[in-house]
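Here is a protein with its ligand, to be read alongside the questions below. Each answer sets a value against the definition of the term in use.

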Amino acid sequence: MQTWLVTGGAGFIGGNFVLSAVAAGVRIVNLDALTYAGNPDTLKALDGHAQHVFVRGDIGDAALVARLLAEHRPAAIVNFAAESHVDRSIDGPAAFVQTNVVGTLALLEAVRDHWRTLPDGERDAFRFLHVSTDEVYGSLGESGAFTEETPYAPNSPYSASKAASDHLVRAFHHTYGLPVLTTNCSNNYGPYQFPEKLIPLIILKALAGDALPVYGDGRNVRDWLYVSDHCAAIRRVLEAGRIGETYNVGGDAERMNIDVVKTICALLDARRPRGDGQPREAQIRFVADRPGHDRRYAIDASKLKRELGWAPEVAFEEGIARTVDWYLAHEDWTQRVLDGSYRLERIGQGVAA
Ligand code: NAD
């Protein structure tokens, strides 16, 4: 059985990844600092599971990372750990530089030092996969799509910190030969997403009868990928990606924010009509735009499709319906996020609060 060290595996994508990897027979050592975004409830199904070792800690703690690498000898590292919310990066960029840049550097150094000591066969098979975003490429006009050759032009403190981490990962390959892989993915959605992000935020506010805030004119375009498709792409790149390469991951599902919000309203109206029978679209309110708001992202994932045979399996209409249904069926999960009690939960040997 293979062991992988996953960082940030109590977050949205990392949590989904850990659940699916354990189900696929991989043993996971899960290193997560349990910031506000780390949610032990997401991993409840793995309580006491022999294939899941949870360790509460920081990717910037080189001594801890070195100990975990020596003790567990993972065949791969998958680095999800990051500060990930653009609005928070506008209010406080320093935490983003600390984890996404300084933390990633410390992790890379610890991994490099461990990798160098491995016997030949183990060293050749070892991989460090860095999970990143399409936001590093900046903003697009009406047409075109980001390819792996698009120059980096990050516009928010979040995307600037992710761009810096991507560059460090690349440099560790070119300078030290570390066998790295990088994926740059578009917006994810699906189960277990923290309700500060657009889709869960709108679902919960719509259900509560609150105003549904939409930035600017709502015509900003994002490409959306269902989270299980992202997890499958990461596994595929880990398995067969060419060392040192980057792979764009996207859902071929460009949507304007306002259309995403209207779709959620319609799904909820059909599933759980408002008491007064009014359509939830009436709750939409346009609010002052996010500073520096990128207008459009679109991703060309043809390299990943052509070279590694990956393709998204969940179309946006199906994925958004599944997501709405998941939030309707897991009001306990969201309630514990909203009242803060999720932070008091324990995972294995780690304690959340
Ligand atoms: P998230 O905010 O839901 O989860 C981040 C996790 O990292 C949390 O569990 C948090 O506790 C942990 N963490 C934060 N700082 C840490 C540190 N210093 N040490 C250890 N753990 C730490 O994020 P997400 O949406 O799941 O995103 C995961 C990764 O994927 C990020 O690197 C993000 O940049 C990237 N990404 C996200 C999206 C998206 O749409 N959400 C799209 C493309 C790429």
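Q: Why is Leu34 called buried?
A: A residue is buried if 20 or more other C-beta atoms lie within 10 Å of its own, exposed if 12 or fewer, and partly exposed in between, with C-beta atoms placed from the backbone. Leu34 has 21 other C-beta atoms within 10 Å and is therefore buried. This is a predicted model, in which local features need pLDDT of at least 70 and side-chain atom pairs count only at pLDDT 80 or more, while totals for chains, interfaces and linings use all residues. Residues are numbered from 1 along each chain as its sequence is written.

Q: What makes the phi of Leu34 worth a remark, and where is Leu34 placed?
A: Most residues other than glycine have a negative phi, and most peptide bonds are trans. Leu34, although not a glycine, has a positive phi of about 50°, and its place is in the loop between β2 and β3 (52-56). Helices (H or I, at least four residues) and strands (E, at least two) are DSSP runs, numbered from the N terminus.

Q: Which value of phi does Tyr192 have, and why is Tyr192 called buried?
A: The phi of Tyr192 is near 70°, a positive value in a residue other than glycine, and Tyr192 is found in the loop between β7 and α7. Tyr192 is buried because 24 other C-beta atoms lie within 10 Å.

Q: Why does Gly57 count as partly exposed?
A: Gly57 has 19 C-beta neighbours inside 10 Å, and therefore counts as partly exposed. Gly57 is found in the loop between β3 and α2 (62-72). Two residues are in contact if their C-beta atoms, placed from the backbone, lie within 7 Å; leaving aside neighbours within four places in sequence, Gly57 is in contact with Leu31, Ala33 and Leu64. Gly57 and Arg235 are 178 residues apart in sequence, and their C-alpha atoms are 24 Å apart in space.

Q: How do you know that Asn220 is buried, and which residues is Asn220 in contact with?
A: Asn220 has 20 C-beta neighbours inside 10 Å and so counts as buried. Asn220 lies in the loop between β8 (212-215) and β9 (221-226), and its contacts, leaving aside neighbours within four places in sequence, are Tyr215, Met256, Asn257, His293, Arg295 and Arg296.

Q: What makes Arg123 and Asp259 partly exposed?
A: Arg123, in helix α5 (residues 120-125), has 14 C-beta neighbours inside 10 Å and so counts as partly exposed. Asp259, which is found in helix α9, is partly exposed because 14 other C-beta atoms lie within 10 Å.

Q: Which residues of helix α7 are buried, and what do they pack against?
A: In α7 (residues 198-208), Leu198, Ile199, Pro200, Ile202, Ile203 and Ala206 are buried. The buried residues of α7 pack against β7, β8, α9 (257-271) and α11 (316-329), and α7 is followed by Gly209, whose phi is positive, near 80°.

Q: What is meant by a nonpolar core, and which residues touch the most other members of the largest one?
A: A nonpolar core is a set of buried Ala, Val, Leu, Ile, Met, Phe, Trp, Tyr and Cys residues joined through C-beta atoms within 7 Å. The largest has 90 residues, of which Phe17, Val78, Val111, Leu129, Ile234 and Ile264 touch the most other members. Ile234, not counting residues up to four places away in sequence, touches Phe17, Val78, Leu129, Val131 and Thr183.

Q: Which residues come nearest the ligand?
A: A residue is near a molecule if its C-beta atom, placed from the backbone, lies within 6 Å of it. Of the 32 residues around the ligand, Gly8, Gly11, Ala37, Gly38 and Ala82 come nearest.

Q: How confident is the predictor, and where is confidence lowest?
A: On the pLDDT scale, the predictor's confidence in each residue from 0 to 100, the mean for the protein is 96, and 98% of its residues reach 70 or more. Confidence is lowest in strand β14 (residues 350-351), at a mean of 50, and highest in β5, at 99. Where pLDDT is low, the predicted coordinates should not be read in detail. For the complex, the predictor gives an ipTM of 0.99 and a pTM of 0.97.
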